[in-house]
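Subject: Model handover

Hello,

Please find the structure below. My notes follow it.

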Amino acid sequence: MIEPGKGTASNNLRTLGTLGRTGTVPLTLGVEEEFLLVDARTYKVVPAAPLVLATAEGQPHQLHAEGTRYQVEISTPVAASSTGLRAELAALRRTLAQAARAHGCRLLASPSPVVAVEGPLHLTDDEPRQREQHRRFGALTDTLVSCGRHVHVGTLDVDTAVAVSNRVRPWLPTLIALAANSPFWNGRDTGHASWRAMAWSSWPSAGLPPHFGSTAHYRRSVQILLGSGAALDTKMVYWDLRPSGRWPTLEFRAPDMSADIDTAVLQAELVRALVATALRELADHRPDPAVRDDVLRLARWRAAHDGLEGFGLDPFTGAELPAADLAEALLDLVAPELAASGDLDHAARTLSSLLRDGSGAHRQRAAYARRQDLGDVLRHLADETERS
């Protein structure tokens, strides 16, 4: 249960000192990534997680079961640099990919199952909570067979995390567009670049977080979710952005999984720089940006629909702009913080590659277009995952 809050979201900013100043107290990173397991011959999802995790034993704090037996998860140690984070992600992906191969499977950094899951849903055996979730929420639990990436930025206490959340939430649609990688779902092209973003937001406790007037407001919002039956517990606060319930971090949950590791690292670099920018602005006592919730909701949908190749909505004005322009505007905004952390060159290079070669969703559709075969999409995703 969350502890009762005190005062406003920015009350503790008097004690931040130089935390928000460029290059002073470095913000740390941690990443959770979820993967699907598919048969190496048929590319159908298989409930092999217990076998794969048993084979990959030896890193119990980094490798985990997920909500279904079709999925496995990695959690990186806390990283001070994006270079260190990349090395951890690559090592953990290799470990899981090798363990999957040992059981006739391949590891897929795929946000969606691409083809339909056959038969009854195989929930994680040792999680009674998952079964209660299935009992209460019914068909909504079908969306559990999807994979996201959660980026944790710390160290932040809850008051600071809430204040930062208010400032960075306008950029969530752009982060969704950059990582869009789920155009196919259950055997069909959904017409969206990130169908996972749409499917996951069907949960009553998911989607954009509110703008919180205070930390007490944030805590009341969580309690209302619990009291209404929309969430079993605080782990089911599925907002795109939230103060972590377990760690002193702000957790970014909106983006799809990326098969290529550089896009994954880019997301971590951008969100850390966004948090650092917000802390600097809060220390300067700048007001929160004026963003209408209805415009931000539409911007989120447009980002999920068009991805990086189409158009998006400026969250501050509602004007339609090329998604690439919004991505470059985000990079420009946080460039000073990226430079201070040594991430600017990698972030700029990776964004340039995405704009040139296409997003994950674009590359999936290109793989499908060659033979109109979803098997080619799955092989493409497995190959990109294993190249990490």
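Predicted model: local features only at pLDDT ≥ 70, side-chain atom pairs only at ≥ 80, totals over all residues.

Residues are numbered from 1 along each chain as its sequence is written, and side-chain values use heavy atoms, leaving out hydrogens and water.

Helices (H or I, at least four residues) and strands (E, at least two) are DSSP runs, numbered from the N terminus. Axes are lines fitted to C-alpha atoms, for helices over the stretch in contact, with angles from 0 to 180 degrees between N-to-C directions.

Helix α4 (residues 158–168) and helix α7 (residues 215–228) have axes that come within 9 Å and cross at roughly 90°. The two are therefore roughly perpendicular (65 to 115 degrees). In contact (heavy atoms within 4.5 Å) are V158, D159 and V162 of α4 with T215, Y218 and R219 of α7.

The axes of α5 (residues 172–179) and α10 (residues 323–340) come within 10 Å, crossing at roughly 115°. Here T174, L175 and L178 of α5 meet L326, A327 and L330 of α10.

On the backbone, the peptide bond from G154 to T155 is cis, with omega near 0°; T155 sits in the loop between β5 (149–154) and α4.

V114, not a glycine, has a positive phi of about 65°. V114 lies in the loop between β4 (105–108) and α3 (128–137) and is buried (under 20% relative accessible area), at 0%.

Regards

Conventions. Parallel < 35°, antiparallel > 145°, perpendicular 65-115°, else oblique. Buried < 20%, exposed > 50% of the residue type's maximum accessible area, 1.4 Å probe, protein only.
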